[in-house]
Amino acid sequence: MTPTSSAVDADLHPVRRTPITRADLLDAALRLIGPHRSVSSLSLREVAREAGIAPNSFYRQFRDVDELAVALIDVAGQSLRKIVGAARHRAEAEHGVVRGSVEAFIEQVRADDKLLHVLLREGTVGSDAFKRAVDRELGFFEDELHHDLVRFAKLRNRPMAEPALAAKAITRLAFAMGATALDLPPERDAELVDQLTTMVRMILVGAQAMPK
């Protein structure tokens, strides 16, 4: 007797006996996506199967895959801000804030948790709701960087024109370069770090040279 597709699925992904959580479903979605696959391409059944639950159990945590994707974008943004923020403050003591932050960012592009992939991909191929969620996360990065630029300018007595706009330019540039990195082999990372570090410094020098 030929097994049905549902029986095959059950063998590959046994149904869970413990309650499902939002984190479980987010982890399942992360396992399914990658550099060349967006979370927006996932189906509810696919995520439920990966998590080892019946499709109806999915609705106990999320209304649909769109809501899951927005939650995943929020988690990705929070995680990346902590990582890059820690790298920025660590590098500050070593007088290499720009390069240290860039290195941390590119390292995260290669990280196994795929969180940065979510931000880089959903901002270009996702639904309008996904794009708004990504744009909101980028706004958080810009606000934090704006705060740091103002603080650094005061500490070093180097006034800067339009620090908020400089922060936006740096953030958007970094994420554009990050998306490019996804399509390149890791052997190109050192080159990307050099290029992005130089570009960011150009923006900062330009902002410092402009009339205040």
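Colleague: To begin with, is Ala28 buried or exposed? After that, please take me along helix α8 and the helices that follow.

Modeller: Happy to! A word on the basis: this is a predicted model, in which local features need pLDDT of at least 70 and side-chain atom pairs count only at pLDDT 80 or more, while totals for chains, interfaces and linings use all residues. Residues are numbered from 1 along each chain as its sequence is written, and side-chain values use heavy atoms, leaving out hydrogens and water.

Ala28 is buried, with a relative accessible area of 0% (buried means under 20%, exposed over 50%, partly exposed in between, with a 1.4 Å probe and protein chains only). Ala28 belongs to helix α2, residues 22–32 (helices are DSSP runs of H or I with at least four residues, strands are runs of E with at least two, numbered from the N terminus). Leaving aside residues up to four places away in sequence, Ala28 touches Val47, Glu50 and Ala51, where contact means heavy atoms within 4.5 Å.

Now to α8. This helix has 28 residues and spans 40 Å from first to last C-alpha, close to the 40 Å expected at 1.5 Å a residue (the expected span is 1.5 Å times one less than the number of residues). After α8 comes Asn157, with a positive phi near 55°.

Helix α8 (residues 128–155) and helix α9 (residues 163–182) have axes that come within 8 Å and cross at roughly 130°; axes are lines fitted to C-alpha atoms, for helices over the stretch in contact, and angles run from 0 to 180 degrees between N-to-C directions. That makes α8 oblique to α9 (under 35 degrees is roughly parallel, over 145 roughly antiparallel, 65 to 115 roughly perpendicular, and the rest oblique). Among the residues making this contact are Leu138, Phe141 and Leu145 of α8, and Ala167, Ile170 and Phe175 of α9. The contact residues divide into eleven nonpolar, two polar and four charged (Ala, Val, Leu, Ile, Met, Phe, Trp, Tyr, Cys and Pro count as nonpolar, Asp, Glu, Lys and Arg as charged, the others, Gly among them, as polar).

On to the next pair: α9 packs with helix α10 (residues 189–209) at about 165°, their axes 10 Å apart. That makes α9 roughly antiparallel to α10. Here Ala166, Leu173 and Met177 are among the α9 residues that meet α10, whose partners include Leu192, Met199 and Ile203.
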